[in-house]
Amino acid sequence: MLDAVIQGLSLAFSFPALWFLFLGIFIGLWIGVIPGLGGAVALALMLPFTFSMDMISAFSFLLGMYAITSTADSIPAILFGIPGTVASQATILDGHPLAKNGEASRAFGAAYAVSGIGGVLGAIFLALSLPIIQPFILAFGVPEFFLLSVLGLTMVGILSGKSLAKGIAMACFGLLLTTIGYSNATGIPRFYFGVNYLLDGIPIIPVMLGLFAIPELMELATSNTSISKKSYEKGNDSLLNGLKDVVQHRWLVFRSALIGTYVGMLPGLGAAIVDWIAYGHAVQSAKDKTMFGRGDIRGVIAPECANNAHKSGALIPTVAFGIPGSVGTAILLGALIMKGLRPGPDMLTTQLPATFSMIWSIVIANVIAAIALFFFSKKIQKIAYLPGHTVVPGVMVVLLMGAWIGTNSMGDLWLCLIMGLIGYLMKQGGWPRPPLILAVVLGPLMEDNFQLTNQIYGPYAWIFERPVSAFIFALIALIIFFSLVKRKPHAAEHPDAGEGNANNLAMSIPFGLLALTLFLVLLPQALSYERFATKAFPVAILIVAIPLTLIAFITEIKVAIETKYDAHNIKNALLDAYFYKSFTFLFYILLTILGVLLLGHVLAISLFVLIYLKVWAKYKTQFSIIYSVIAGLFIYSFYDRVMNVLLINPFG
Amino acid sequence: MLKKLTLLLTVLASFVLASCSNESEEYYSGKTINIYVGRTPGSGADLAVRLFARYWADYVPGNPNIVVRNVPGGGGTRVWNFGVEGAENNGLDIMFSPTAGIEAVLQEPGLRANFSEMPFVGGLMSPNMAYISTQKVSQPGELLSAEGLVFGGQNPIARFDLLGRLALDSLGVNYNYVTGFQGASDVLAAVRRNEVDIQVASLGLYRFSVESLVEQGLAIPLWHNPGTDINGNLYELEVASDIPSFEEFYEELYGELPSDEFFEVYKWVLPRVNDIVYAAMVPPGTSQEHLGILREAFVAVTNDANYQAQEITMYGFNLPVINVSEGETIMSGLYDVPDDIHEFLTAYIDQVR
């Protein structure tokens, strides 16, 4: 095997492959930074350019891009609370609070270092695991995938803040969102209410952007503070601090890389889940959990390390079995075939040098990307200290375009806006958002694998008949047991800590009522589906959601009665939440979306930038015009010309 | 005199043709043709269309720029709705995507485009086949007596699921239909894990991912879904000649050709959902001149040696081409559904929904 490792290395370092690797890294860095694009879109667009390249160059180019989007995506996640790709969702939970605390550089330092280390460790684990890869992968069938998604969902307990009822209710809300559209098991559309957009289900990117990014932007727009709530002081926040954190938490890095690599090997689980599993592990294994959700560096280290290690793991089922686990690896598989390589066991035997050259390309890409980003970080972190009004329009451009890219549909923009409103109410009202997004990620995996398990193995006997299932099931039972027995609402000791601990009753009670009404309205609809396979999942979710939402709602009402919450309190609470200004900001977004429909993307979003800067922020006309023209040019040149995204253009 | 007149007419005709050609050259020169594909970037259809698009511009006079844009959604129907509601009929917008044949036949919710009203540019067939793992069956003949076979699919109205069920029912195989896998590679993964026994897969997937299982004795090819000629007769596909067609497979097992109702429906469904997998169509109202140019260019690409070589590298064979008259016949056939077929299909699909 050592021969294959060395041959692979020499292939990866051969020319012109190395140049193409650098080019891929360069493009990947940009792609990762821009929310919504993700590695798969870039790979698909760049694939035709590889037609004329030799095999090793083509792979170096594509792998350079593929490997490091999950390094660069930590930049928007940490700075703006916007995950650059689905792989950095968990990073925002602690990464963004760190930026708010004036520690963006520390978070960047840790994120880049562990991304590089994660990529390298992932490749090492992969190389060491080659002999056991086949039995390992084949031991995980649909029952195990179902149980792994349930295991992932048990993290709701640690993501719920002070109210478990609220956390589980929001997880149910997230799961319910995933039941919209065609049921995979039966092909019957659910909860689509005649809206064609909903037939394919809810895309995750607009949900994620709306839920997390819009409330952050509302806060910046209404308060005009910088992202960092602390002023910039040289030496106080540095990349070196992040590196020290990595050394201090080296075993967490090691374990997260293990999680990333082995979850990555399981086709179908994907990058979206690996960062949550690693985050959950970081919280569960920590002795002091009080800082999670409000800027714990371990909450950045674990997901960022795992999502890079995952890329190496995901390569194996693709090349060894021809089974890609994600869109990104599907494109790589296409490229592999186009270049005359045949996926199969040969890739782990006679073609092992070629497989190792791919692994080496991933290693080199991760290391170079981490080093490159270290150099740029000083400039990037300064964004955290800019006035909110300067940052908001630029971020809104990438947010609206990021939401649009998923399916190029107006529905994406409306969904993003609605989720923005929901995210704002949840954030203010102390209804935790992470369980919702976690459930949106896990919902399809859970339902599909549950339905398949039921069809293939029957109702429940498989739990005890399959050793891996029995092990995961026991693990789930233990986690739930200890969560219930040992649950210490740490956040209650720190009233302003983390997600889901806000206590604005003027927001919380109406949101609870809204959620309860929604669940009650949907229940008869869910029950009306004829087939068991169509209704089982939504009905089960609603049966859990309704009583828990009711409990949370009644608890809030009790608090309101006990504290004699009156009109004066409501008025103050609304002022605290910048309620009127926040809704005006949402109205701006609503007008922009209508503008997209009437005037097209370029004009409408440029107009938003202009009006926001001139009217809302009261900036000088010249600055506002220049900013809006740059925004328009960026949308046209980058999204339309370079990325070939379908844009609305009513003027032909 | 006649000779002079003929000469004059020939010169005039050449002049007119040349000016037409110049006009079209002028029309497309410096312009961008948008090809819309109804799948996400990186999907099989997306890659097939991007490969084709790379060569298409070379054969359109004026050498326009061609960009591929993704319009996924509605189970693949949204791109076709866009074709009749949002795309321009100026010869610069082409929908090139997997067709939604079953959705049209069953009038599923969401599909508003009428394929028979959209001018057809060209089509490609993506041959497909069925295989079985050797876990429960060591040779095709055992298929009929095997117990507990699992046929895996994606959803009850997916063409592979429907064709697979019809074929298995026609053969009288005792099987359990399991559906809900996200994609063909997920079904393949389930076959590798011995959770699924039978899969209907594209010939490309077979060539590159399943054939190695066959070589290791882990799988056996069963049949390929044949093509259908203009008279409705089935014919063996040359690119899959190493695998028997369904009729041949049936005949091998039973010594006679199939004639049951499942087979009759299979035969009716086959050309409508399986013959054209990737159809290129333009919005209604597109001028005949632009249509003619695009059609010619489409055919030219399929004859391009470099494109053919790329196809062979990508799929292991050249995708059979569907010409305009075949395409138009197939598309109009989607809306000419006999009541008994419609009833049968609706009930048949509802059984497993």
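Tutor: A:Asp640 forms a salt bridge with B:Arg69, and the closest N and O atoms of this pair are 3.7 Å apart. The model is a predicted one, and the rule finds 1 salt bridge across the interface of chain A and chain B. Polar contacts across the interface of chain A and chain B amount to 10 residue pairs, with both residues at pLDDT 80 or more.

On the side of chain A that touches chain B, the elements giving two or more residues are helices H3 (38-46), H8 (133-138), H9 (142-153), H17 (327-338), H21 (434-457) and H30 (621-642) of chain A. H17(A) gives the largest share of that side, 6 residues. By residue class, the side of chain A that touches chain B holds 33 nonpolar, 16 polar and 8 charged residues.

As for extent, 57 residues from chain A and 55 residues from chain B take part in the contact. Chain A and chain B bury about 4500 Å² between them, and carbon and sulfur atoms give 54% of that area. Three residues, A:Phe51, A:Met338 and A:Arg342, supply 13% of the area that chain A buries against chain B, which is more than any other three residues.

Now the contact inside chain A. The domain assignment divides chain A into domain 1 (2-224 + 238-488 + 501-562) and domain 2 (579-642). Their C-alpha centres, those of domain 1 of chain A and domain 2 of chain A, lie 30 Å apart. In this contact, 28 residues of domain 1 of chain A meet 29 residues of domain 2 of chain A. The area buried between domain 1 of chain A and domain 2 of chain A is about 2700 Å², with 84% of it on carbon and sulfur atoms.

Between domain 1 of chain A and domain 2 of chain A the count of salt bridges is 0. Polar contacts between domain 1 of chain A and domain 2 of chain A number 5 residue pairs, again with both residues at pLDDT 80 or more. On the domain 1 side of this contact with domain 2 of chain A, helices H12 (204-223), H19 (388-405) and H20 (410-429) of chain A are the elements that give two or more residues. H19(A) supplies the largest share of that side, 13 residues. The residues on the side of domain 1 of chain A that touches domain 2 of chain A are 24 nonpolar and 4 polar, with no charged residues.

Technical notes: Residues numbered from 1 in each chain as written. Chains lettered and ligands numbered in written order. Predicted model: local features only at pLDDT ≥ 70, side-chain atom pairs only at ≥ 80, totals over all residues. Heavy atoms only, no water. Contact = heavy atoms within 4.5 Å. Buried area = accessible area lost by both parts, 1.4 Å probe. Salt bridge = Lys/Arg side-chain N within 4 Å of Asp/Glu carboxyl O. Polar contact = N/O pair within 3.5 Å; in protein donor to acceptor, adjacent residues only side chain to side chain. Helix = DSSP H or I, 4+ residues; strand = E, 2+ residues; numbered from the N terminus. Nonpolar A, V, L, I, M, F, W, Y, C, P; charged D, E, K, R; others polar. Domains from an automatic or database assignment.
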